[in-house]
Amino acid sequence: MAESLKLERAVEALALLLGSPGGGTGTDTGSLQMAKHAALLETLNSNLAALEEKLGQDPQWNELRSLRAEVREQAAWLESSTDVTWSFTCQVLLLLLSLKKCMILLAAAYHPAKPNPRTAEAAPALSPDTLSISQQKTVQSALQFVITLGLCPYLLPGVGIPLKHRTEFSAVVQDVVSPSTAPNTLHRLYASCTALLQIAQHPSLGSLILTRHLGDLIAGLCQLGFCPTKGKREQARPLKQLKLLQFRNSHLKSSSWVSESRKLLAPNVHTPSVRKGLTEEQRTHCREALKSVLDRVYQPLVVRELLVLQGGSKQGLQFPGQEVKQPLAQAPAWLRRLCGQLLSERLMRPSGVQAVVRGIMEGAGTGGSGAEAAAADWRKCDMVARILASCPQQSLSLEDYYRQVCPQILDLLHIQEKLTTHQFQRVATTALLTMAREHPQLAVKYLLHPMLAPLLQCWDMAEVAMEDLPAGTVLVKEAELSRCVEDVFKVYVVGNEPSDVLLESLQPALGVIFSLYCFTKQNVSHLRSPCQEILLWVLEKSERKVALSILEGFAGLGRTMQFLHPLCQFQIAGGGGAVITVKETISDEEEALYQKVSSEQWQMEQLVGLLTHCQKSGLAGDLFICCLKELTHVAAKDESGSDAVPLSCESLVELEQYHSQHLVGQKKKLLVLQLVAMLCERVSDTVFTDIVQVVEFVAVTLQRACANLAQGPEGTVEAQTLSMSMGLVAAMVGGAVQLKSGDFAFLKQLVPLLEEISRIHPEPVIQELAADLRITICTHGAFSTQMVGTAAHSTLGKSIGSNRSGGQTHANPTESPEDKTARLSLGPPQNNENCSHTNSSMASNHSPKGKNGDSTVQKECPAGTPTAALSPQQLQELLLSAYDPEIPVRAAALRGLSRLIEQRDPDGLKAQEKLLKVFLENMEHGDSFVYLSAIQGVALLSDVYPEQILPCLLAQYGCASPGTRGPQTAETRMKVGEVLMRVTRALGDLLFDSHS
């Protein structure tokens, strides 16, 4: 009971000593500040006098007085001083030490009664050394006074946060306490830190000190234990401090408590002039105390305080109502180095990575909202990740640092906290990617391989050891497998940094991930979505050749893919995931074969389903083309008879090896056929995404047709396939798609194949179509026969218009002939579906003219189709281009003029004589590309003006045209005859009316 009274008296003495400071008045800022200083000193003086009076006169305080005297004798750090602030600090520390001793005695004498098991449960009684809420507030105020008056004023500039940047009361205290006038500031700082450490040994008091004043205590211990001993000269004291010092000294001369204070501190009086610095033993004690405090306290809090202490921010803080911002002093170099070393030590400790991340991320708001706050938060995460990826100097080696830190970085991915999960995952992912980028070999060894270990665990085990395990033995638990898949998703997909290191490290596990994906498609599982996203990410980010190799591996066609071990299997787990267990051995061979075939069939279906999610990338089309190439190779191999048993197989071993290889080839052939069938069924409508894939598909088909024709007559399926592929080419060049000049570079690879088809195919129609397609491709679509248009029409099931839009026809001297040809062949711009205009469009139309006299050629264009007339300059350019030395340019110009006639262009029809002259002169040209275009132009012009053109053509054919000298050549007559045949076929019975 006596100890309880001592505790209450100690707290009451603290409350008496900490009486509220008064205030002063003044007329200006300077006098007001002086009044505040005077009020503070007067309050401290009166409180000290009141405490001494209470202890000396009240008999109920005798026990506390005796306890304080006992504590004072053990406090070797006390010293006599006329400084009221230091004397006040010493009295507060003595009372706190007395309170600590009372609490220790109360806890030692407390023996709680044993609980009675027969009675109802009740809350246990509180220990008698427990402080009430009001008592805790009093102790907190006392500690605040000790920190403000006895510790912070004696810190060097840049060490800790200055008092003037804390509270208004702290700013007043800084002006009152003058460390430059103290006889020995280091010993006062040492005394305050030593006393606080002694008080903090009690759990209750220690929690109050280390949670609220940890930064100041660390700053003091760092300065005492690590500050360089060679000091600088004392700086000149400002005039303001000198005035305050004079005012305080004059004020203290009349104080009545000075003699009592000297008597109180008499047993421990030391000569200040003798002690100018700490001994090495004291400095060592401070270092050990600092280490003990850092190891004792919650590590994220230590990290945060060390970062603040290391600070050096040049941004100033501002009190409420203060206008001028004062920048913080930069931390000294020795302190920055020390804090960096201490932070590295925190990082290297067990769970140090999480402590560092929490210390930086927790309790430090971004100060914003919305996108700005989120961006600041991500920048902070990236900064922490860069810290983790950097090896500190204290580490023995880079590999040793990775060995200690990498497992902790992987643990950050598994933290499941509602508020900080995304931050920890961001830090871990960014740190892992940074390490993989800077030190790939170490990252693979200590980060990526451990992360992928559950997926590869079955292959790492010895097969003999796995066979000895009973069926159903769990090799990989559900939690391990789920965590592995989620980690891979976070690092690879969410991190989204497709480096070579990451892609190569994931290659061995792709087969197992695909097997797990196929298993999850059979049931409901939360692993399905991450597995699918991982596979799609790999296919998207890998090079096209590598992606195709992966797909072929999934299908069992290409490289050997490492799927789940044949002795293992996936099974459904209770949490919606999966486990890997030992598979039960199947003795029935037919059943084993059935399960194997069913599994391969299911995997093939899921592979095709996976391709439906990446159709935009064109991967499905490339795989389809690869399968067709493989089929062509297989067909050529079969026709060559290479599957026959070689006569060199003399031994049974060689014969068995041959048959095994033959079975592998047959299996591969069946897999290819199965994959092609599934692709045609599931993604046939969207399998090709660009012109290049269509051209490659047609090339493969033509190659296969050439191979079949070389072996013998083709079958029905081959004939239909060849017709379809040639129809695709006809549709492309006939206007189904808008081709660019670069597209014809891909189309030109079909020219040799089309030439061979036109040479060896037995059907004349196919021969002619192949020849026409070859010419159309070589002329970039400027020349096109009716057969090409018919093939395109039959392929698409609708009339094909020229979807090319016209442009400027002004000459460009820097144009290439190909570009000029493409430009000239466009003609005037057309808004709707344009008319088809092939060279032999006249030959297939036998209908007569209508009542309005329009020719049958005009009927090919829909009524009301708007056309844009050419300007005279554009028409003149076409006429000049018809004599261009470049053959493609000349032919394109002739076709442009023909199009003007076909569209009934007014300016073009007015220049019929010029047009006729141009066409007739170009009919004499030796190149078929040019004279066929001229023949088409003359035929169209004759359809419009038969009465004027037909007599001229008849005269040409009969070698009696005006201006001719001598008979026409046979070649010229054949060309004119071609024109007359076309006109005759087009006009029909109207020809006789025109002739009459």
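In which helix is the place of Val-676? Let me start there, with the reminder that what we are looking at is a predicted model. Val-676 sits in helix H27, which covers residues 652–682, and with a relative accessible area of 12% Val-676 falls under the 20% limit and is therefore buried. If we set aside the neighbours within four places in sequence, the residues in contact with Val-676 are Phe-624, Cys-627 and Leu-631. For Leu-631 we also have a distance: Val-676 and Leu-631 are 45 residues apart in sequence, while their C-alpha atoms are 9.5 Å apart in space.

Staying for a moment with helices, please look at helix H26, residues 619–640, where Asp-622 lies. Asp-622 has a relative accessibility of 12% and so counts as buried, since that value is under 20%. Not counting residues up to four places away in sequence, Asp-622 touches Arg-544, Leu-548 and Gln-693.

Now to the nonpolar cores. The largest of them has 230 residues, and the ones with the most contacts inside it are Tyr-492, Leu-506, Phe-554, Leu-675 and Leu-750. Helix H4, residues 84–109, supplies the largest share of this core, namely 14 residues.

Three strands make up an open sheet with antiparallel pairing, and their order is S1-S3-S2. Strand S1, residues 474–476, and strand S2, residues 568–572, are the edge strands, each pairing on one side only, and from one strand to the next the twist averages 45°. Between S1 and strand S3, which spans residues 578–582, the antiparallel pairing runs over two bridges, and here Val-474 stands opposite Thr-581 in S3. Helix H21, residues 478–494, packs on this sheet and touches S1, S2 and S3, with a direction that makes about 125° with that of S3. Helix H19, residues 440–460, likewise lies across S1, S2 and S3, and it runs at about 130° to S1.

Next come two backbone details. Most residues other than glycine have a negative phi. Ser-351, however, has a positive phi of about 60° although it is not a glycine, and its place is the loop between helix H14, residues 333–348, and helix H15, residues 352–361. Because its relative accessible area is 51%, which is over 50%, Ser-351 is classed as exposed. In Asn-496, which is also not a glycine, phi is positive and near 55°; this residue lies in the loop between H21 and helix H22, residues 500–520. At 39% relative accessibility, Asn-496 counts as partly exposed.

Finally, the cysteines. How many disulfides does the structure hold? The number is zero.

Terms used
Residues numbered from 1 in each chain as written. Predicted model: local features only at pLDDT ≥ 70, side-chain atom pairs only at ≥ 80, totals over all residues. Heavy atoms only, no water. Pairing = 2+ DSSP bridges. Helix = DSSP H or I, 4+ residues; strand = E, 2+ residues; numbered from the N terminus. Axes fitted to C-alpha atoms, helices over the stretch in contact; angles between N-to-C directions. Contact = heavy atoms within 4.5 Å. Buried < 20%, exposed > 50% of the residue type's maximum accessible area, 1.4 Å probe, protein only. Disulfide = S-S within 2.5 Å. Core = buried A, V, L, I, M, F, W, Y, C linked by side-chain atoms within 4.5 Å.
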